[in-house]
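The structure is shown first, and the description follows.

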Amino acid sequence: WILSAKLKPNQKHKSLMQVVLVAGVLMLLFLLLGHSILHFFGISLQSFQIAGGIILLLLGIRMVIGINAFEAHIHKYELAVVPLATPLLVGPGVITTTILLVGEYGIPIVLAAALCAIGSAWLILRYSEHVHKFFGRQGADVLARIMGLIICSIAIEFMIRGIGGV
């Protein structure tokens, strides 16, 4: 919500649609071609898990301690692409999870889950102003820190699985 606070309503709607489109395309790309992309670059799934876990851990730590690295650089990028679509919605954690789940469950099930996730992200972003008003700034900060802690825990799990696979 904070990142789009200065945008006019029509700009917010346009950015929201761009976020969903870019995140959806990125997720679909890695859903269909993730293993091939890793193979092309000679990257093992375990290495990708560890690297994704480290980056996700850094993101989670920033959330927990309240560092917002995106606001200072927001003028350089289209808001919808960086930081919302990537790395926040479709970053290392989502890419790693998508590639792993395709290997485990197949494309149709993961595609359905990805569509649900993108739809949920759209709903959350669409109504983020209302949610922010309900919780207030302090409540939103508390929720962000709790989510940051959960993200850190997921990151540690990625790294443990990656190291265990090596």
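This is a predicted model: local features need pLDDT of at least 70, side-chain atom pairs count only at pLDDT 80 or more; totals for chains, interfaces and linings use all residues.

Phenylalanine 40 and phenylalanine 41 are both exposed. Two aromatic pairs are found when the whole structure is searched. A pair of this kind is described by the distance between the ring centres and the angle between the ring planes. The table lists the pairs.

| Ring pair | Distance of centres | Angle of planes | Arrangement |
|---|---|---|---|
| Phenylalanine 40 and phenylalanine 41 | 5.0 Å | 85° | edge-to-face |
| Phenylalanine 134 and phenylalanine 135 | 5.0 Å | 85° | edge-to-face |

Planes over 60 degrees apart count as edge-to-face, so the 85° between the planes of phenylalanine 40 and phenylalanine 41 places that pair in this class. The planes of phenylalanine 134 and phenylalanine 135 also lie at 85°, so that pair is edge-to-face.

Exposure can be given for the second pair as well. Phenylalanine 134 has a relative accessibility of 68% and therefore counts as exposed. Phenylalanine 135, at 39% relative accessibility, counts as partly exposed.

Another contact involves a charge and a ring. The charged end of arginine 126 lies over the ring of tyrosine 127, at 4.9 Å from the ring centre.

The remaining features belong to helix α1, or follow it. Helix α1 covers residues 9-40 and has a kink of about 75° centred on leucine 33. Buried residues in α1 include Ser15, Leu16, Val19, Val20 and Ala23. Met27, Phe30, Leu31, Gly34 and Leu38 of α1 are likewise buried. Just after α1, glycine 42 adopts a positive phi of about 70°.

Key: Residues are numbered from 1 along each chain as its sequence is written. Side-chain values use heavy atoms; hydrogens and water are left out. The bend at a residue is the angle between axes fitted to the seven residues ending there and the seven starting there. Helices (H or I, at least four residues) and strands (E, at least two) are DSSP runs, numbered from the N terminus. Buried means under 20% relative accessible area, exposed over 50%, partly exposed in between (1.4 Å probe, protein chains only). Rings of Phe, Tyr and Trp (its six-membered ring) pair if their centres lie within 6.5 Å; planes under 30 degrees apart count as stacked, over 60 as edge-to-face and the rest as tilted. A charge sits over a ring if NZ of Lys or CZ of Arg is within 6 Å of the ring centre and within 35 degrees of the ring normal.
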